[in-house]
Amino acid sequence: GYQWQFLMVTFDPPTSSAETVVSLTLRTENILKDQYRIILHMPKLTRTSGISGAVDFTTGGGGPSDWMLFTPQALWDNDRNQLIFFLRENAQLVPGRSGTLKTSPGDFRLPVFMPSNDQDIKVEARSNDNIDEIIRATPIRQSSKVARVREFTYSELQYIHTQTPGRMTDT
């Protein structure tokens, strides 16, 4: 059947609750064409604007003509937390060809924590009309870990006064 050879999602920076650049690197086992949708499911991420709509992105990794494979903008579905890339009319993503799709800085916000290789992040391919499933939703094989950063709303430091000159003070 139709499947992915390789899937990887990275975040830059991979910092807790930070605005980030999302990069999807993929390689398909089968030809993708006819304005297929490549759908990246990211249930733990949010869009900084908080709205559905067009998302700018860049391409790379597969060759100088990668940009010719995809429409100029992806589509973010806020209800489903999906980023949808569209192949152009008459464009073909051939088997074995790798490509990276990278969002613009500041478009997305990471959660407080996400383990590496999070199986909730999935990629699928569907027909342009979204009716036919071309490649089933597949968990990514590699992703950045988003380390938890602790934040304190209040902190206090107390010094214990010592009567002996030159003696260390406990805090």
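The protein chain exposes about 9,900 Å², and carbon and sulfur atoms supply 48% of that area. Accessible areas come from the Shrake-Rupley method with a 1.4 Å probe; for residues, only the protein chains shown count as cover. This is a predicted model: local features need pLDDT of at least 70, side-chain atom pairs count only at pLDDT 80 or more, and totals for chains, interfaces and linings use all residues. Residues are numbered from 1 along each chain as its sequence is written, and side-chain values use heavy atoms, with hydrogens and water left out.

**Chain overview**
- The protein chain has 12 strands and 0 helices.
- Helices (H or I, at least four residues) and strands (E, at least two) are DSSP runs, numbered from the N terminus.
- Of the 171 residues, 42% count as buried (under 20% relative accessible area, 1.4 Å probe, protein chains only).
- Take contacts (heavy atoms within 4.5 Å) between residues at least 6 apart in sequence: 69% of them join residues at least 24 apart.

- Threonine 28 lies in strand β2, which covers residues 19–28.
- Threonine 28 counts as buried because its relative accessibility is 0%.

**Threonine 28: surroundings**
- Leaving out residues up to four places away in sequence, threonine 28 touches Gln3, Trp4, Gln5, Leu93, Val94, Pro95, Gly96, Arg97 and Ile135.
- A polar atom of the threonine 28 side chain lies 2.8 Å from the backbone oxygen of asparagine 30.
- Alanine 125 is 97 residues from threonine 28 along the chain, and their C-alpha atoms are separated by 10.0 Å.

Conventions
Buried means under 20% relative accessible area, exposed over 50%, partly exposed in between (1.4 Å probe, protein chains only). A polar contact is a pair of N or O atoms within 3.5 Å; within protein, one must be able to donate a hydrogen and the other to accept it, and residues adjacent in sequence count only if both atoms are side-chain atoms.
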